[in-house]
Amino acid sequence: QVQLVESGGGLVQVGGSLRLSCAISGIIFSNTAMGWYRQAPGKQRELVASISSRGTTNYADSVKGRFTISRDNAKNTVYLQMNSLKSEDTAVYYCVPNPWIALTSFSSWGQGTQVTVSS
């Protein structure tokens, strides 16, 4: 069974930085693409960053140039470095395997980690 534990969220001021971590078990991590979603109050969950098993990354336009996704296969962990944070980045952030199909095919979402950006 897949288990995901997200951490690293918190309260930060506009322009600040946070680094999110996600530890995963129950999958062959090194062979699996990973992604970070976020969900703000009253909004749909959106994919903000993804990284393939080979390290190819993709970002939503809203975070491009500010967020960096990375992975450590030795630790079964994926990270999201968030810089120049804006108030609209406030959301609960979730990591998932196979992010492009996660919304319809993945049921073991973690608790997420809350990111609050204050002005």
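This is a predicted model: local features need pLDDT of at least 70, side-chain atom pairs count only at pLDDT 80 or more; totals for chains, interfaces and linings use all residues.
Residues are numbered from 1 along each chain as its sequence is written, and side-chain values use heavy atoms, with hydrogens and water left out.

Figure 1. You will find 1 helix and 10 strands in the chain; helices (H or I, at least four residues) and strands (E, at least two) are DSSP runs, numbered from the N terminus. In sequence order the pattern reads β-β-β-β-β-β-β-β-β-α-β. With a radius of gyration of 13 Å, close to the 14 Å that the globule rule gives for 119 residues, the chain is as compact as a globular protein of that length. That radius is taken over C-alpha atoms, and the globule rule is 2.2 Å times the number of residues to the power 0.38. Along the principal axes, the C-alpha atoms fill a box of roughly 40 × 25 × 25 Å.

**Figure 2. The disulfide between C22 and C95.** The sulfur atoms of C22 and C95 sit 1.6 Å apart and form a disulfide, a term that means a pair of cysteine sulfur atoms within 2.5 Å. C22 lies in strand β3 (residues 18-25) and C95 in strand β9 (residues 91-97), so the pair ties together parts that are 73 residues apart in sequence. By this rule the count comes to 1 disulfide. Are these cysteines buried or exposed? C22 is buried at a relative accessible area of 0%, and C95 is buried at 0% too. Buried means under 20% relative accessible area, exposed over 50%, and partly exposed in between (1.4 Å probe, protein chains only).

**Figure 3. A33 and its contacts.** A33 belongs to the loop between β3 and β4 (34-39), and its relative accessibility of 8% counts as buried. Which residues does A33 contact, leaving aside its neighbours within four places in sequence? They are I51, S52, S53, R71, V96, P97, N98, P99 and W100, where contact means heavy atoms within 4.5 Å.

**Figure 4. N58 on strand β6.** Strand β6 (residues 57-59) holds N58, which counts as partly exposed at 46% relative accessibility. Not counting residues up to four places away in sequence, N58 touches V48, A49 and S50. G35 is 23 residues away from N58 along the chain, and their C-alpha atoms are separated by 9.2 Å.

Figure 5. S84, in the loop between β8 (77-82) and β9, has a phi near 50°, a positive value in a residue other than glycine. S84 is partly exposed, with a relative accessible area of 41%. N98 is found in the loop between β9 and α1 (99-105), and its phi, near 45°, is again a positive value in a residue other than glycine. The relative accessible area of N98 is 38%, making N98 partly exposed.
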